[in-house]
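This briefing covers ring contacts, a strand pairing and a surface patch. The sequence and structure come before the notes.

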Amino acid sequence: MIVQETKLSGVLVLEPKRHGDARGFFSESWNKQTMEDAGITVEFVQDNHSLSKAKGTLRGMHYQSPPHTQTKLVRCGRGKLLDVAVDIRR
């Protein structure tokens, strides 16, 4: 797993390593120990999957304040996505 920091504290880009062969590829999208080694110590309690059929589809912005904050893991299985994080901390 390649872990890249961004300009926003707490926002990381995680790039899974792909292991390919004649059949296709295998990629580990989450490994608790690998994440902990990178300083990521979150417990995921929900996993969602969506499909946007039309190019340019916009999905909603999400904000949670304590005690309902959530860590997000955004993944793109095919195509491209633009994920925007907005820092509203003081």
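The notes below are grouped by topic.

The model is predicted. It holds 1 aromatic pair, formed by tryptophan 30 and phenylalanine 44 in an edge-to-face arrangement. Strands S3 and S4 form a hairpin, and a nonpolar surface patch of about 790 Å² is also present.

**Aromatic pair**
- The ring centres of tryptophan 30 and phenylalanine 44 are 4.8 Å apart, with 85° between the planes.
- This pair links distant parts of the chain, its two residues being 14 residues apart.
- Tryptophan 30 lies in the loop between strand S4 (24–27) and helix H1 (32–37), and phenylalanine 44 lies in the segment after H1.
- Tryptophan 30 has a relative accessible area of 29%, so it counts as partly exposed.
- Phenylalanine 44 is also partly exposed, because its relative accessibility is 33%.

**Hairpin of S3 and S4**
- Strand S3 (residues 18–21) runs antiparallel to S4, and 4 bridges join the two.
- Between S3 and S4 there are 2 residues.
- Glycine 24 in S4 has aspartate 21 opposite.

**Charge over a ring**
- Arginine 18 places its charged end over the ring of phenylalanine 25, at 3.8 Å from the ring centre.

**Nonpolar surface patch**
- The residues that make the patch are Met61, Tyr63, Leu82, Val84, Val86 and Ile88.
- Methionine 61 is located in the segment after H1.
- With a relative accessible area of 74%, methionine 61 is exposed, because the cut-off for that class is over 50%.

How values were computed: Residues are numbered from 1 along each chain as its sequence is written. This is a predicted model: local features need pLDDT of at least 70, side-chain atom pairs count only at pLDDT 80 or more; totals for chains, interfaces and linings use all residues. Side-chain values use heavy atoms; hydrogens and water are left out. Rings of Phe, Tyr and Trp (its six-membered ring) pair if their centres lie within 6.5 Å; planes under 30 degrees apart count as stacked, over 60 as edge-to-face and the rest as tilted. Buried means under 20% relative accessible area, exposed over 50%, partly exposed in between (1.4 Å probe, protein chains only). A charge sits over a ring if NZ of Lys or CZ of Arg is within 6 Å of the ring centre and within 35 degrees of the ring normal. Patches are made of residues with over 30% relative accessible area and no salt bridge: like charges are joined within 9 Å, nonpolar side chains (Val, Leu, Ile, Met, Phe, Trp, Tyr) within 5 Å. Accessible areas come from the Shrake-Rupley method with a 1.4 Å probe; for residues, only the protein chains shown count as cover. A salt bridge is a side-chain nitrogen of Lys or Arg within 4 Å of a carboxyl oxygen of Asp or Glu. Two strands pair if DSSP finds at least two bridges between them.
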